[in-house]
Amino acid sequence: MSATTLLQPKNPAVLPHACFHCQDVCPDDHLHIEDKYFCCEGCKMVFEILNTHNLCEFYALDANPGHSLKYQRNAKSFAYLDDPEVQEKLLEFNNGQTAQVTFYLPQMHCVSCIWLLENLYKLDTGVVHSRVTFLKKTATIQYNPEQTSLRKIAALLASIGYAPEINLGDVDNAKPRIISKRLAYQIGIAGFAFGNIMLFSFPEYVGMDPETDRWFANVFGYLSVLLAIPVLLVSARDYLISAWNGLRNGRLNIDIPLCLALLSLFGRSIWEIFTHTGAGYLDSFAGLTFLLLIGKWFQQRTWHELSFERDYKSYFPVSASLKNGLEEVSVPVNRLVPGDIIVVRSQEIIPADGILLKGSAQVDYSFVTGEAEPVAVNSGDKIFAGGKQVGESIEISLTRRVSQSYLTRLWNDQAFKENEQGQVTKLADQAGRIFSWMILVFGVGAFIYWAPTDMAKAINAFTAVMIVACPCTVALSIPFTLGNVMRILGRNRFYLKNIKTVEAFAAIDTVVFDKTGTITNVSEQRYAFNGQTLNAADKVALRSLTKHSAHPLSRRLYHSMPDVPTIVPENFREIPGLGIQGRVEGREIKIGSANFVGAEGQGLFFAVDGQIIGCFEVKSRYRDGLMQVLDFFRKIKPASLFSKKEKAHTQVWLLSGDQDREAALLSPFFPERETMLFERSPQDKLEFIKKLQRHGQQVMMLGDGLNDAGALRQSNLGVVVAEDTNNFTPACDAILHADEFERLPQYVQLARAGVQVVKRSYGVALVYNIIGLGYAVTGGLSPLVAAILMPASSISIVLFGVMMSSWAARRIVH
């Protein structure tokens with residue numbers, strides 16, 4: 001590469017002969033490009049790669065974006081990734097044109113890392129796109145296996161400082177890390193330094209006069225400095241980087257006051273030790289850092305316990321059709337094991353990887369790849385979890401267990417729902433910003449007040465204010481309290497997408513119910529056929545066609561004729577909201593609404609070659625507790641933090657694709673006739689939700705996920721009611737097992753109670769901070785005591801949120 005052609009990337013100032021890429025000290029100056037020096041060939045190579053692809057903005061996003069590559073792994077160390085058996089274990093998806101893998105990248109630490117990893121496609125044209133989950137330090141990468149390979153991608157990641165950590169033994173039974181190695185090292189260094197600095201400070205603790213033996217006092221002071229330096233550079237590094245990034249971006253985050261306290265303690269101690277004017281406060285400095293990290297560990301540990309139960313123990317309350325000889329049995333997805341043969345019908349999600357055994361598969365992988373065009377899969381080919389079958393029913397032999405964590409990650413993809421903040425999250429962000437400014441004002445004010453009379457007390461007061469105040473307690477309450485609510489609801493077969501879903505329950509002022517499969521109990525519905533007598537061929541055609549549909553009415557018809565044989569229909573097609581059609585034994589069969597088959601009247605019509613044979617009159621059975629559920633929603637009031645207006649009650653609507661023949665039966669449940677809307681297509685349902693939202697209403701939609709996916713996606717809170725069927729859709733926010741329908745009011749009350757607990761946590765945090773700040777500004781609060789109080793407050797808020805939400809669950813859910 002010619003030096004004259006190099007781009008000049010923006011980069012923060014570095015020390016002379018500090019590595020331009022990783023900021024480590026260069027051993028000499030022989031590795032350089034123009035005025036940019038590098039500590040090793042690896043760092044130099046990464047710079048050349050980024051510069052060649054116009055990606056040097058990487059260096060402008062963070063003060064220390066890169067990692068040292070002195071000990072980088074070479075491409076040969078990833079040769080095993082070319083093994084088809086290894087790829088089979090690692091790849092989440094691979095249809096020949098698109099493959100997907102998720103790597104754990106422990107080196108990820110800042111916004112520059114995210115930016116670079118999500119621009120991998122610029123470094124390797126075979127990469128389609130990459131998506132980073134920063135909290136879990138994972139990157140999900142989609143690539144074209146015809147243009148690149150798993151081995152090349154892993155080698156590329158290693159070459160730019162993000163070598164993936166791959167443990168093949170954990171692929172099938174992956175467990176989340178309780179604590180990262182990085183945090184463990186940081187805690188170990190801080191704890192070791194804290195204990196030894198306290199030992200060196202023992203003579204001062206017992207009141208010995210350092211002047212009687214100045215030599216020992218000086219030596220112990222210098223040793224304390226040597227121990228404190230790694231604490232500053234390693235253990236406190238994340239806090240310092242976060243504070244620096246906040247300042248560079250013009251934002252005051254909660255780490256800035258903490259870093260001011262740490263740096264003031266460290267700087268004051270260095271001054272006192274080297275000028276022999278005092279023993280310093282390095283024990284408080286190391287102790288504060290150690291306790292902060294212990295608080296972080298406790299948070300990670302608690303969050304691990306909550307998320308582990310959600311991702312690995314609690315399963316979606318949906319079922320799959322397991323083939324048992326000639327019969328089908330509905331079983332929960334968590335009971336499926338490799339070797340099981342399942343039947344997947346039109347519009348159903350494939351729950352686990354497998355091999356296609358029977359049927360014509362047209363799989364929509366938009367849930368996984370974002371591409372909605374159905375992919376044809378031949379018998380004997382592999383078929384992947386997360387795909388949706390859009391044609392006739394198929395049989396799949398499973399090769400893997402259902403991965404709850406994988407489905408949860410797909411479900412939480414931001415593409416399926418707008419990323420809106422809940423009310424309590426907005427309040428936490430606002431409170432955090434305001435409180436950070438208040439801490440600075442109080443700290444500076446206390447320093448100015450005491451400085452003229454007592455500089456030591458002024459520094460003490462400033463340091464204590466920076467430490468004891470804890471704006472992060474407000475932010476901590478949200479994930480732990482609402483995460484615990486999610487865990488409890490999951491145990492009760494009400495599975496929520498994320499904590500934003502819990503928040504959404506508090507703001508709902510309009511509830512919309514679908515009819516069939518939502519408020520009706522399909523398993524107890526009855527049918528009366530009016531029309532020509534069905535001959536054997538008609539019954540075969542009827543059962544053969546309904547076999548391939550996942551719609552509740554089709555399933556009920558199919559199971560009502562167990563002795564009738566079936567054959568595979570040709571050109572099977574299901575039109576959501578209208579009906580199904582196909583050719584059976586050379587005859588064109590249609591089953592569906594009057595408009596679909598060209599008839600007049602109400603009911604489910606059966607037509608052969610354009611001739612109406614008859615109509616099934618459906619006699620619905622409404623779910624137990626329906627009246628109590630509707631009354632509950634009509635009585636509750638939306639809880640708003642920001643709006644002064646409060647609606648008298650929640651509006652309740654019924655949307656149905658059926659005709660209005662059941663209007664009289666439904667009138668006791670919906671006394672106001674205008675709240676029942678019939679003959680609504682899936683598009684009509686979507687437009688109705690949009691209309692409500694245009695009028696400022698927060699809408700909760702309950703449906704079966706089949707003909708109302710668009711409305712569920714558009715609503716502020718979409719809930720799918722699952723009844724021993726695989727009707728999971730990524731468009732929803734929650735899944736409720738049909739057997740728990742009558743307990744829905746309890747679950748909504750618990751979710752709203754969780755939001756109330758968060759609000760009470762704000763009050764607890766406010767009282768703590770008022771008392772702590774009031775004492776700290778007097779200069780009488782020791783920095784070490786403040787260092788104990790600060791993480792103790794964080795832990796107490798976490799415990800308060802978890803315990804109060806658990807108590808609310810015992811009180812409400814029964």
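## Charged pairs and ring pairs in a predicted model

A search of the whole structure finds 13 salt bridges, where a salt bridge is a side-chain nitrogen of Lys or Arg within 4 Å of a carboxyl oxygen of Asp or Glu. This is a predicted model, in which local features need pLDDT of at least 70 and side-chain atom pairs count only at pLDDT 80 or more, while totals for chains, interfaces and linings use all residues. Residues are numbered from 1 along each chain as its sequence is written, and side-chain values use heavy atoms, with hydrogens and water left out.

Let's begin with the charges. Side chains of opposite charge can pair when their charged atoms come close. Aspartate 739 lies in the loop between strand 28 (734-737) and helix 24 (744-776), and arginine 493 in the loop between helix 15 (472-491) and strand 16 (494-496), so the pair ties together parts that are 246 residues apart in sequence. Helices (H or I, at least four residues) and strands (E, at least two) are DSSP runs, numbered from the N terminus.

Now look at lysine 685 and aspartate 514, whose side chains meet in a salt bridge of 3.1 Å, N to O. This pair links distant parts of the chain, with lysine 685 in helix 22 (residues 682-694) and aspartate 514 in strand 17 (residues 510-514), 171 residues apart. Are these two residues buried or exposed? Both lysine 685 and aspartate 514 are buried; buried means under 20% relative accessible area, exposed over 50%, and partly exposed in between (1.4 Å probe, protein chains only). Arginine 493, by contrast, counts as partly exposed at 32% relative accessibility.

Next come the rings. There are 14 aromatic pairs: rings of Phe, Tyr and Trp (its six-membered ring) pair if their centres lie within 6.5 Å, and planes under 30 degrees apart count as stacked, over 60 as edge-to-face and the rest as tilted. Phenylalanine 194 and phenylalanine 290 form a tilted pair, 6.1 Å centre to centre with 35 degrees between the planes. Phenylalanine 194 sits in helix 5 (residues 181-200) and phenylalanine 290 in helix 10 (residues 282-313), 96 residues apart. Elsewhere, Phe494, Phe505 and Tyr747 form one aromatic cluster.
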